[in-house]
Amino acid sequence: MFCADRLKVARYRRKLTGKELAEAAGLTDVTISKVENGHQPDEQTVDKLVSVLGFPRAFFFMDKPEVLETQAVAFRSLKKMKAAERNAALAAGSIGIALYQWIDDRFTLPSPDLIDLSKEQHRPEIAARLLRQHWGIGDRPIGSILRLFESKGIRVLSLSENTQNVDAYSFWKADRPYIFLNQKKTAERSNFDAAHELGHLVLHFHAQAESAPEDDAERQADQFASAFLMPDADVKNTLSHVYSSSQIIKAKIRWRVSAMALATRLNRLGLLSDWNYRSILIDLGRQGYRTGEPLGVERETSTLLAKVLTALWSKGITKKAIADDLNLPWEEVETLLFGLAAPVTPPPNPRPFSVVS
């Protein structure tokens, strides 16, 4: 049976309205509307939809996918986001859940180890300290934030959205936390985005929209991220006297954050006066640090997914084979997996596949 929700997922991924899809497929708006409301299409209509959307035919005849609702997802800012961008990101989330279900069926992954800190919404810095204590990482800098997250059971995937309006988002599904990161930004800003989304996962548990107004929730997640990445004790021990942007540029590497983020943290901790803070921001802007990181750190990628792909490769299973098994276009799987390098052709005489833990 043709699945209407899968048609919506494919249409959203292509950022098409119902009218645009109808025009491209040579169908009427009414036909698209009927199909998306459960009316079973004829074979000719299915052929036209498959041709335009570029998803395998079998994709549309699978069981109903996990559908993400806007209110269940913590986006950085719904105000800046166009409907097409939001829908495309939500559809990527639906596909990401299916991908991780496929991986979960074959691998033993770390169980989620997050705590509900929703009672600390109005004290994000305390929440950050509590989570660090829970994870036993003290005040030391985090070497790899994605490796840490994955070791604590957070499913991290990448987004291919070519827009600054969708930086990252997070949600809970079946008691499993997910974070999706846009790889178009600098490595430092992606690190902060990841910590920001962690803030949503623990402060606004299960992304309950009513838990905090959007502006408050975003401010809380930012404060959480800042404190989580740059613990006050470590910052104060490392930078007791700050008087120039060059100090910040040199020191930011320790916490793998942007120069602007470190300057803001120093100001918040009282280590940088308002006057010096404004002066340093101007100087950093002149050097290009408002829009980028001229002296940047290496971008992080998923360690867990790299291990999964290596194990699959040893069994002769490629990313294309995963896509075929899920009836997805290859590029959808490729982008979710951070574009991690893996050969397309399986090795000769592959070993039989078995569950790998």
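Visitor: Is Ala174 buried or exposed here?
Guide: Ala174 is exposed, since its relative accessible area is 68%, and anything over 50% counts as exposed. Please keep in mind that this is a predicted model.

Visitor: Where does Ala174 sit?
Guide: Ala174 belongs to the loop that runs between strand 3 (168-173) and strand 4 (176-182).

Visitor: And what is the phi of Ala174?
Guide: The phi of Ala174 is near 55°, which is a positive value in a residue other than glycine. For background, most residues other than glycine have a negative phi.

Visitor: Which other residue has a positive phi, near 60°?
Guide: That is Phe338, again a residue other than glycine, and Phe338 is found in the segment that follows helix 16 (330-336).

Visitor: Is Phe338 buried or exposed?
Guide: Phe338 counts as buried because its relative accessibility is 14%, and the cut-off for buried is under 20%. Phe338 is also one of the residues that line the second largest cavity.

Visitor: What lines the largest cavity?
Guide: Its lining includes Glu125, Ala128, Arg129, Arg132 and Asp139, as well as Ala227, Pro231, Asp232 and Arg265. Sorted by class, that lining has six charged residues, three nonpolar ones and no polar ones.

Visitor: Which helix gives the most to that lining?
Guide: Helix 6, covering residues 124-135, gives the most to the lining of the largest cavity, with four residues.

Visitor: How much space lies in the second largest cavity?
Guide: About 50 Å³ of space lies in the second largest cavity, and its lining includes Leu146, Leu181 and Gln183, along with Arg299 and Glu300. By class, this lining has four nonpolar, three polar and two charged residues.

Visitor: And where does the largest share of that lining come from?
Guide: The largest share, three residues, comes from helix 8, which covers residues 187-203. Ala187, Ser190 and Asn191 are among the lining residues of this second cavity.

Visitor: How far does helix 8 reach?
Guide: Helix 8 has 17 residues and reaches 24 Å from its first C-alpha to its last, which is close to the 24 Å expected at 1.5 Å a residue.

Methods:
Residues numbered from 1 in each chain as written. Predicted model: local features only at pLDDT ≥ 70, side-chain atom pairs only at ≥ 80, totals over all residues. Heavy atoms only, no water. 1 Å grid on protein atoms, 1.4 Å probe; cavity = no way out; pocket = protein on both sides within 12 Å on 5 of 7 lines; lining within 4 Å. Helix = DSSP H or I, 4+ residues; strand = E, 2+ residues; numbered from the N terminus. Nonpolar A, V, L, I, M, F, W, Y, C, P; charged D, E, K, R; others polar. Points joined across faces, edges and corners; volume = space filled by probe spheres on them. Expected span 1.5 Å × (residues − 1). Buried < 20%, exposed > 50% of the residue type's maximum accessible area, 1.4 Å probe, protein only.
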